[in-house]
Amino acid sequence: MPLASIEILFLSLGGMGIALVVLIRGGDWTIDAAVRLAQRSGLSPALIGATVVAFGTSAPELVTSIRANLGNEPGLALGNVVGSNIANLLLVIGATALFFRLSFQTTGLRADFLAMLLSSAALLLLLQFGEISRGMGAALFAALLLYMAYRFQRNDRLEDTPEPPLTAKPLWRVLGLLGLGLAALIGGAELLVFSAVQAGRALAVPTEVIGLTVVALGTSVPEIVSSIAAARKRQNELLLGSLLGSNLFNVLSIVGLTALVKPLAVSDSLAGLSAPFMLLVSLAVTAYLLTRRGLTRLDGAVFLLLYLGYTLWQYGIA
């Protein structure tokens, strides 16, 4: 290995280490701020997770999809959304459950489960037209705005949501901490992906392999880190709400806004294989979580094995 490649490799490994530290701190800040925002606003942590946290952690997918579509790579733009939704339900939940026993109160999240399923079904239907037009994109984004208005109007505060402490921090400090946490998550994920790509190139890993692994997983890093942070702090409703909300935002916001910028062409494999699998996973995970009070480490391992199988299947049909 040339000396220059060795130097790049060590610099890249250092960058990955810094990125992981930033991501961990960002996850802690985001969850702490989300809990305090729920306390101050009288909203449930699940609702804060399904809206504020979900929107922030979906930002990498939004940037990636718009860039890809403008770069005449609509398959990458749509594949990023479908792949991210599958990763949220199998990889993120599985990885979190593997390290933490998760217990949920799903009563306040049933509307979010239903919205996620309906948005996934709507995306599958629109993909059958061969193109997602600007009008379709506008309809998807309008559906998101209507649903957000409904969720906040409903205000399903959970009974076990703690009351605001007497020494509550000012709202501007809570919002500042939330913004800092989300920025750390997004920036840390960008640094991690960049450093990993450079390390892969230094090791002569093919660009295609880097794109299908590092970049694809990199956009899910904010969800993984924030979910682990929420599990450590026993904010499991916030954790699940943020993942359901992220999947909802991915379809209605990312696909909607990306199509508004430029219509999205649809590939046959995406419409006929990947998107139906995404809907199937959404249905299965929803049914499983709604009929159980939580997830064990064994459940987490099964979820991860399913995601591994999906990944191997993707490589097999490529």
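Analyst: Let's start with the residues that touch: in α6, Arg134, Gly137, Ala138, Leu140, Phe141, Ala143, Leu144, Tyr147 and Met148 meet a set in α10 that includes Leu248, Phe249, Leu252, Val255, Gly256 and Leu260. Contact here means heavy atoms within 4.5 Å. This contact divides into 16 nonpolar residues, three polar and one charged, where Ala, Val, Leu, Ile, Met, Phe, Trp, Tyr, Cys and Pro count as nonpolar, Asp, Glu, Lys and Arg as charged, and the others, Gly among them, as polar.

A word on the model: it is predicted, with local features needing pLDDT of at least 70 and side-chain atom pairs counting only at pLDDT 80 or more, while totals for chains, interfaces and linings use all residues. Residues are numbered from 1 along each chain as its sequence is written, and side-chain values use heavy atoms, leaving out hydrogens and water.

Now the geometry: the axes of α6 and α10 (residues 236–261) come within 7 Å and cross at roughly 145 degrees. Those axes are lines fitted to C-alpha atoms, for helices over the stretch in contact, with angles running from 0 to 180 degrees between N-to-C directions.

On to the other partner, α5 (residues 110–127): its axis lies 12 Å from that of α6 (residues 134–154), and the two pack at about 175 degrees. That makes α5 roughly antiparallel to α6 (the label for angles over 145 degrees). Ala111, Asp112, Ala115 and Leu126 in α5 meet α6 residues, among them Met136, Leu140, Tyr147 and Arg151. Leu140 and Tyr147 of α6 turn up in the contact with α10 and in the one with α5.

Key: Helix = DSSP H or I, 4+ residues; strand = E, 2+ residues; numbered from the N terminus. Parallel < 35°, antiparallel > 145°, perpendicular 65-115°, else oblique.
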